[in-house]
Amino acid sequence: MNIPFLGNRRKKHGEAVLAADPEGVADLLSECELLRSQAARAGIGLDDTAASLEALDQLVPRWRDDEEVLPWLGNDAGLYLGTVIVRTVPGAAWDFRADGQPVVRLLSGREFDVVTAGHEWAANGVPELSQLYGEVAEA
């Protein structure tokens, strides 16, 4: 997921955008409106916890038949996974690769491409979001 309005500024000022307002960037990345809407319709509240990832893993994947919804939901699922990690794993933080893709970086320096993981979950259901969270939280 390339975030164009951040991309040009990042190219000019390095990590200035993220460093200047990490909470603002985290809030922006946590919106995930489509995923939150789908979850709410299924009676699932997304409270940025590992338990909410487990609940998402149980959703019936009706979106897989909609070619327009699938990529958006995949982005949202990845960003939501990243949000849960950043808010619950000590030292985890959002970062951006050179191509503008948001990733989660742990204190160890290990990087997780949560958006790609979200796309895989939306398209195939595996790996499960809660499983990915567990792997990251253990690292």
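1. A crossing of two helices is called right-handed if the near helix is turned clockwise from the far one by less than a right angle. In this predicted model, helix α6 passes helix α8 in such a right-handed crossing.

2. Two packed helices are described by the angle between their axes and the distance between the axes. For α6 (residues 69–88) and α8 (residues 129–138), the angle is about 35 degrees and the axes lie 11 Å apart. On the α6 side the contact involves A77, L81, V84, I85 and T88, which meet L129, L132, Y133 and V136 of α8. By class, this contact has eight nonpolar residues, one polar residue and no charged residues.

3. Helix α6 also packs against α4, where the axes come within 7 Å and cross at roughly 95 degrees. Because angles of 65 to 115 degrees count as roughly perpendicular, α4 is described as roughly perpendicular to α6. From α4, the residues E33, L34, L35, R36 and Q38 take part, and from α6, V69, W72, L73, D76, A77 and Y80. These residues divide into seven nonpolar, one polar and three charged.

4. The largest nonpolar core has 36 residues, of which L53, L56, Y80, L81 and I85 touch the most other members. Among the elements that give two or more residues to this core are α3 (22–29), α5 (50–57), β1 (93–96) and α7 (114–124). Helix α6 provides the largest share, eight residues.

5. Which residues does Y80 contact, leaving aside its neighbours within four places in sequence? They are C32, L35, R36, L46, D47, D48, T49, S52, L53 and L56.

Notes. Residues numbered from 1 in each chain as written. Predicted model: local features only at pLDDT ≥ 70, side-chain atom pairs only at ≥ 80, totals over all residues. Heavy atoms only, no water. Axes fitted to C-alpha atoms, helices over the stretch in contact; angles between N-to-C directions. Helix = DSSP H or I, 4+ residues; strand = E, 2+ residues; numbered from the N terminus. Contact = heavy atoms within 4.5 Å. Nonpolar A, V, L, I, M, F, W, Y, C, P; charged D, E, K, R; others polar. Core = buried A, V, L, I, M, F, W, Y, C linked by side-chain atoms within 4.5 Å. Buried < 20%, exposed > 50% of the residue type's maximum accessible area, 1.4 Å probe, protein only. Parallel < 35°, antiparallel > 145°, perpendicular 65-115°, else oblique.
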